[in-house]
Amino acid sequence: MSKILIVEDEAKIARFLELELKHEGYETETAGDGRTGLEKALKKDVDLVLLDIMLPGLSGIEVCRRIRQESQVPVIMLTAKDDVTDKVAGLDTGADDYMTKPFAIEELLARIRVALNRHARPGHKPNLLTHGKLVLNLSSHSAHYGEDELTLTKKEYELLEYLLRNKNIALTREQLLNNVWDYDYFGDTNVVDVYIRYLRQKIDDRFKVHIISTVRGVGYIIKDER
Ligand code: CA
């Protein structure tokens, strides 16, 4: 069973998260300020940290920075507002993901699963990502559709990997840019559209399938058939 540490000073939100996570079968622990959060996050039995940014004592950004000096435990930042500076700072300090409050609990749960999978201990680590006939081999960094090998550039591969790791989640261009290209999104997000087009040429067009969907007004998604 995975243990999730909730670092959040707003008691109501902390309690809500605790109940939802327990309901999903996770063990939980809470901390109401940055210092306690940091102390608990460095304990070996914590599998993931939900970290609020606005905290008394030590800010979430600072907590994350210090966690990263000692540990690779997955960290998902919770930001109170849609503050670009916070997001960029959070990801810069090594957070795995961020969510803006208020958020849908289902989306947070999905991201927790993704982060936990990504950090699964060796031996449990799935080295294949699949979607129907599409298979990404994470050990060899190769991609196949059925029997056919796909010739992908490094960025195309990374974009496809990110989409598959976050399957069934609508990803914004900004998220894709932040996570695949490693730079903040003050720049042009057109590059994402360009690479999505490349991937579609190499997969969707070539095999006459529909793998990558556009979510109007949001971005892109790879969705399981229902
Ligand atoms: Ca707070």
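In which sense do strand β1 and strand β3 pair, and over how many bridges? In this predicted model, β1 (residues 3-7) and β3 (residues 48-52) pair in the parallel sense over four bridges.

**View 1. Pairing of β1 with β3 within the sheet.** Leu 5 stands opposite Val 49 in β3. The two strands belong to an open sheet of five strands with parallel pairing, in the order β2-β1-β3-β4-β5. The edge positions are taken by β2 (27-31) and β5 (97-100), each with a single partner strand, so one side of each has no neighbour in the sheet. From one strand to the next, the twist averages 20°.

**View 2. Helix α3 on the sheet.** Helix α3, spanning residues 60-70, lies across β3 and β4. Relative to β4 (75-79), the helix runs at about 170°.

**View 3. Calcium site.** Protein donors to the calcium ion come from Asp 9 (OD), Asp 52 (OD) and Met 54 (O), at 2.1 to 2.3 Å from the ion. Along the sequence, the spacing of these donor residues is D-x42-D-x1-M. Asp 52 is buried, with a relative accessible area of 1%, whereas Met 54 is exposed, with a relative accessible area of 52%.

**View 4. Packing of α7 against α8.** Helix α7 (residues 173-181) packs with helix α8 (residues 190-207) at an angle of about 80°, the axes being 9 Å apart. This makes α7 roughly perpendicular to α8. On the α7 side, Arg 173, Leu 176, Leu 177 and Trp 181 meet Val 191, Val 192, Asp 193 and Tyr 195 of α8. Six residues of this contact are nonpolar, two are charged and none is polar.

Definitions and conventions. Residues numbered from 1 in each chain as written. Predicted model: local features only at pLDDT ≥ 70, side-chain atom pairs only at ≥ 80, totals over all residues. Heavy atoms only, no water. Donors = N, O, S within 2.8 Å, 3.2 Å for Na, K, Ca; no water. Buried < 20%, exposed > 50% of the residue type's maximum accessible area, 1.4 Å probe, protein only. Axes fitted to C-alpha atoms, helices over the stretch in contact; angles between N-to-C directions. Parallel < 35°, antiparallel > 145°, perpendicular 65-115°, else oblique. Contact = heavy atoms within 4.5 Å. Nonpolar A, V, L, I, M, F, W, Y, C, P; charged D, E, K, R; others polar. Pairing = 2+ DSSP bridges.
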